[in-house]
Amino acid sequence: MNFIVISPYYPENFQPFTIELAKKGINVLGIGQEPYEQLGSDLQGALTEYFRVENLEDIEEVKRAVAFLFYKHGPIDRIESQNEYWLEHDAILREQFHVLGAKPKHLRKTKFKSKMKKYFAAAGVPVVPGQVIKTEKDIARAIKKIGLPMIAKPDNGVGAAATYKLTSLADVEHFTEQWDHETVYFFEKFVHSSEICTYDGLIDAAGNIVFETTLDYHYTPLELLESQKDNAYYVSKTIDPKLQAYGRAVVKAFGMKERFFHIEFFREGDDYIAIEYNNRPAGGFTVDVYNFAHSIDLYRDYASVVVGEAVAERSFEPQYCLAITRRDATQYAHSEDDLRSRYAEQLKMEKRMPRAFAALQGDTIYTLTTDNREELEDMIAYISQRQ
């Protein structure tokens with residue numbers, strides 16, 4: 001099997017995907033921008049060949065790289081990055097070279113919020129009313145049809161970027177002034193809930209869910225964007241059966257295979273409202289957070305899925321796993337040494353955040369496990385307490 005990994009070096013915490021694929025005997029071929037010498041011995045050892053391009057965003061240059069690898073190694077069986085940023089490029093390359101997996105037409109339902117909503121509804125999952133915004137007349141219609149307050153997001157966008165909360169006509173006027181009138185937006189009814197949770201997991205080649213979990217955000221992405229709070233989220237020990245049923249129905253409706261998924265929901269009382277479907281694992285270091293919570297190795301499990309093997313048995317009961325960040329510019333009540341000493345047994349990982357995520361999420365991330373919900377809350381309070 002020939003498996004092309006797009007950007008095998010960055011982000012660095014995704015390098016184990018390449019390494020575990022190679023351990024399964026897969027011929028792993030890398031395409032990236034970094035010099036070969038920068039990859040490090042582990043990644044170099046896992047790659048049969050590495051093709052360096054000048055600009056990974058230049059799809060024509062990347063196509064030429066794939067063509068060369070095809071010519072040298074034979075037909076390509078998989079092309080994957082696992083990264084939101086490259087999902088469209090991955091799909092274009094699969095279509096060009098007749099490779100198994102999601103093509104551009106398959107991504108439309110996971111790229112556009114307006115299309116996601118139709119699949120959520122088809123799955124029987126609660127959604128709020130929304131409308132595509134292409135002109136100022138559409139804005140007027142949305143105000144009349146949906147009513148304020150609304151949330152305005154690019155129809156094709158990631159996270160809370162370029163998001164506006166519209167609570168008054170003055171907010172609408174401000175949005176209209178800021179809007180470039182070219183980016184298509186999606187307006188939907190604002191949900192008065194500060195609780196966002198997810199249903200995340202991994203699907204095998206037959207469409208079966210072979211791993212499922214849930215995480216809760218301590219702050220919503222919009223709060224992080226507006227208030228520069230410290231990011232904190234945690235994997236829960238159990239999944240609410242209602243959330244699990246909704247999540248499984250959504251996965252079936254979207255029909256993806258041999259992929260991770262990351263589905264966001266508002267929690268409203270004892271029910272849930274679907275927000276968006278992400279056709280990838282959650283970003284940052286979240287794969288590691290899953291692994292610590294469940295005492296598993298999802299990098300290895302993904303490689304098992306690719307070669308058609310069963311994933312490893314789950315030998316341990318899940319724990320809570322907290323991921324929490326700190327900002328370099330903030331003065332905290334407790335030092336890093338205090339943190340490490342207090343949670344010496346629970347602290348599993350401490351990493352600097354990649355520059356691309358630091359502005360929104362924080363500069364250093366700490367990952368801790370516990371069996372106790374009260375201790376989890378104590379960790380959040382202690383680590384984030386400011387002077």
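Predicted model: local features only at pLDDT ≥ 70, side-chain atom pairs only at ≥ 80, totals over all residues.
Me: Into which domains is the protein chain divided, and what distance separates the centres of domain 2 and domain 3?
Reply: The chain is divided into domain 1 (2-101), domain 2 (129-189) and domain 3 (196-384). Taken over C-alpha atoms, the centres of domain 2 and domain 3 are separated by 29 Å.

Me: How many helices and strands are there in the protein chain, and what box do its C-alpha atoms fill?
Reply: The protein chain holds 15 helices and 17 strands. Along the principal axes, its C-alpha atoms fill a box of roughly 60 × 55 × 40 Å.

Me: What is the radius of gyration of the protein chain, against that of a compact globule?
Reply: For 387 residues, a compact globule would have a radius of gyration near 21 Å. The value for the protein chain agrees with this, at 22 Å.

Me: What share of the residues in the protein chain is buried, and what share of the accessible surface belongs to carbon and sulfur atoms?
Reply: Of the 387 residues, 53% are buried. The accessible surface comes to about 17800 Å². The share of that surface belonging to carbon and sulfur atoms is 48%.

Me: Among contacts between residues at least 6 apart in sequence, what percentage join residues at least 24 apart?
Reply: The contacts considered here are those in the protein chain between residues at least 6 apart in sequence. Of these, the percentage joining residues at least 24 apart is 64%.

Me: How many disulfides are there, and how far is the sulfur of C197 from the nearest cysteine sulfur?
Reply: A disulfide requires two cysteine sulfur atoms within 2.5 Å, and the count comes to 0 disulfides. C197 is in no disulfide, and the nearest cysteine sulfur is that of C321. C321 is likewise in no disulfide, with the sulfur of C197 as its nearest. The distance is 17 Å.

Me: Are C197 and C321 buried or exposed?
Reply: A residue counts as buried when its relative accessible area is under 20%. C197 has 0% relative accessibility and therefore counts as buried. C321, also at 0%, counts as buried.

Me: Where is T213 found, and with which side chain does its own side chain make a polar contact?
Reply: T213 is found in strand β10 (residues 209-213). Because its relative accessibility is 2%, T213 counts as buried. Leaving aside residues up to four places away in sequence, T213 touches T198, Y199, D200, V235, I239, Y290 and H294. At 2.8 Å, the polar contact of the T213 side chain is with the side chain of H294.

Me: How many residues of helix α12 are buried, and which residue follows the helix?
Reply: Helix α12 (residues 298-306) is mostly covered, with 8 of its 9 residues buried. Among them are L298, Y299, D301 and Y302. At the start of α12, a side-chain oxygen of D297 comes to within 3.1 Å of the backbone nitrogen of Y299. The residue that follows α12, with a positive phi near 80°, is G308.

Me: Is E258 buried or exposed, and what is its phi?
Reply: E258 is found in the loop between α10 (241-254) and β13 (260-268). With a relative accessible area of 10%, E258 is buried. Although E258 is not a glycine, its phi is positive, at about 50°.

Me: Where is H181 found, and what is its phi?
Reply: H181 is found in the loop between α8 (169-178) and β8 (185-189). At 36% relative accessibility, H181 counts as partly exposed. H181 is a residue other than glycine with a positive phi, near 65°.

Me: How far apart in space are L56 and D138?
Reply: L56 lies in the loop between β3 (49-52) and α3 (59-73) and, at 3% relative accessibility, counts as buried. The residues touched by L56 include I6, V62, W86 and H89. L56 and D138 are 82 residues apart in sequence, and their C-alpha to C-alpha distance is 37 Å.

Conventions
Residues numbered from 1 in each chain as written. Heavy atoms only, no water. Domains from an automatic or database assignment. Buried < 20%, exposed > 50% of the residue type's maximum accessible area, 1.4 Å probe, protein only. Helix = DSSP H or I, 4+ residues; strand = E, 2+ residues; numbered from the N terminus. Polar contact = N/O pair within 3.5 Å; in protein donor to acceptor, adjacent residues only side chain to side chain. Contact = heavy atoms within 4.5 Å. Rg over C-alpha atoms; globule rule 2.2 N^0.38 Å. Areas by Shrake-Rupley, 256 points an atom, 1.4 Å probe, with all protein chains shown as cover.
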